[in-house]
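Thanks for coming. I will talk about pockets and then about aromatic rings.

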Amino acid sequence: MSALHDLTVAELASRLRGRQVSALELARHLLARSQAHAGLGAFLAQDEAVTLAQARAADARLASGDAPLLTGVPVAHKDVFVTTDFPTTAGSRMLAGYRSPFESTVTARLAEAGMVCLGKLSCDEFAMGSSNENSAFGPVKNPWDPSRVPGGSSGGSAAAVAARLTPAATGSDTGGSIRQPASFCGLTGIKPTYGRVSRHGMIAFASSFDQAGVMARSAEDCALLLSAMSGADVDRDSTSLDLPAEDFTRGLHDSIDGLRIGIPQEFFGDGLAADVRAALDGALAELCKLGARLVDIRLPRTELSIPVYYILTPAEASTNLSRFDGVRYGHRAREHVDLEDMYKKSRSQGFGEEVQRRIVIGTYVLSHGYYDAYYVQAQKLRRMIADDLQRAFGECDVIAGPVSPGVAWPLGTHSADPVAAYLADIYTLTASMAGLPAMSVPAGLGASGLPVGLQLIGNYLREGRLLNVAHRLQQASDWHTRKPQGY
């Protein structure tokens, strides 16, 4: 019989409803595990009393016989989703100890679904980074190899799920921040269509890119959580799609016979590591055995996605983070001579190096004399990249490729060269530019026994198709069941 921490969301939901385990017993077990593995740095905040109270309430709902499917199943949240019961910091000194007076839509909906919150998870500061080394509260370590990064910015979420500290976790994806850590930690992670999940109560990095999603150990688990999270929230989020919630588990078992999988030439060039390519080839071969066929496609502006992204997102970050000025909330410098000095010192002390770097870049490209030359041109290219993807979907049903050029790199590798970390986002940025749904699915192990993820990109609102493809692959393989040694 599997240990409680090895069970998936679907398995736990079944056992809870069958009264084979109580929500209280499960919560206590996972809280103890998170304390035993605190050295990973995955959690930023936990409150045993709050979690156990939620578990007792879940057990009462289960006993009543009128409980949602996910009642009693534990979850943990990336620390960019504001919560009333736990502090929210976005991984920054600027918000150290901040308590929100309201709940984000994502966390509220999962609570309504009966899930029990285990705490808040570490992330790169204000979700800016690809390694989870940019948190003001220390780096997160990869459970597969603690000397390596877990990926970012949702690295705490990925590390916690991979280490079996929680069966699932929320994340946010701006340019790949769910998919890349999911790949580095051997998990299934999905970023839905932009607007599919409400951004209300999700601390903004780049508002036209940010999207909430989920990481778990299987496509079925992701489908269960995404079904609970999605749905219209137009009264509180102007970017929310006015569409009803969808049951993403409904088509999981559909056949993929005849599915056309687009293989972009630009995703499989010289920059892709040989071990990653070998793992991807194996996963694609399994999909072909299930009836899918590979189709060569072109995404000719792939290389331009990096400069476009790192012009547009800093510009949006510069605007979004201007609210953190030491006046209304957040860190305020204790010593200052006047209002301007307080602004400068509060922001210099409260923001970390990477956040300051992006604010400066964003302010520059939005400034008079540079706005037309940089920002406007980048917006035009963003539209062209989205058009390239739509042309590709005229030839295929889903697009497949790598998540990252290589496996997880050692901690500190890119500390002195942030551009090297930016370049690692090349395969995830195109979907983010267009607001398309995309996911990472475990595809085996690469160099040093580290996980490799297969990226799947779908057309708008086709999350169900992506989850279907991932589920069928997971029925035919065991890559998603592998876990780091010692956990």
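A word on terms before the numbers: a pocket here is an open set of grid points with protein on both sides within 12 Å along at least five of seven lines, and its volume is the space filled by probe spheres set on the points. Keep in mind that this is a predicted model.

By that definition, the second largest pocket has a volume of about 300 Å³. Its lining is made of 19 residues, and N134, E354, R357, H414 and S415 are the ones nearest the centre. Which helix gives the most to this lining? That is α11, with 5 residues. Helix α11 covers 353–366, and α13, at 418–423, also supplies at least two lining residues. By class, the lining splits into 6 nonpolar, 7 polar and 6 charged residues.

The largest pocket holds about 410 Å³ of space. It has 20 lining residues, with G201, M202, I203, A204 and R323 nearest its centre. Here the classes are 10 nonpolar, 6 polar and 4 charged.

Now the rings. The whole structure contains 14 aromatic pairs. One of them is Y310 with Y422, a stacked pair with 4.1 Å between centres and 20° between planes. Y310 sits in helix α9 and Y422 in helix α13, 112 residues apart, so the pair links distant parts of the chain. Are these two buried or exposed? Y310 is at 11% relative accessibility, so it counts as buried. Y422 is at 9%, so it counts as buried too.

Elsewhere, ring pairs join Y98, F126, F324, Y329 and F351 into a cluster. Last item: the charged end of R382 sits over the ring of F209, 3.9 Å from the ring centre.

Conventions
Residues numbered from 1 in each chain as written. Predicted model: local features only at pLDDT ≥ 70, side-chain atom pairs only at ≥ 80, totals over all residues. Heavy atoms only, no water. 1 Å grid on protein atoms, 1.4 Å probe; cavity = no way out; pocket = protein on both sides within 12 Å on 5 of 7 lines; lining within 4 Å. Nonpolar A, V, L, I, M, F, W, Y, C, P; charged D, E, K, R; others polar. Helix = DSSP H or I, 4+ residues; strand = E, 2+ residues; numbered from the N terminus. Phe/Tyr/Trp six-rings, centres within 6.5 Å; stacked < 30°, edge-to-face > 60°. Buried < 20%, exposed > 50% of the residue type's maximum accessible area, 1.4 Å probe, protein only. Lys NZ or Arg CZ within 6 Å of the ring centre and 35° of its normal.
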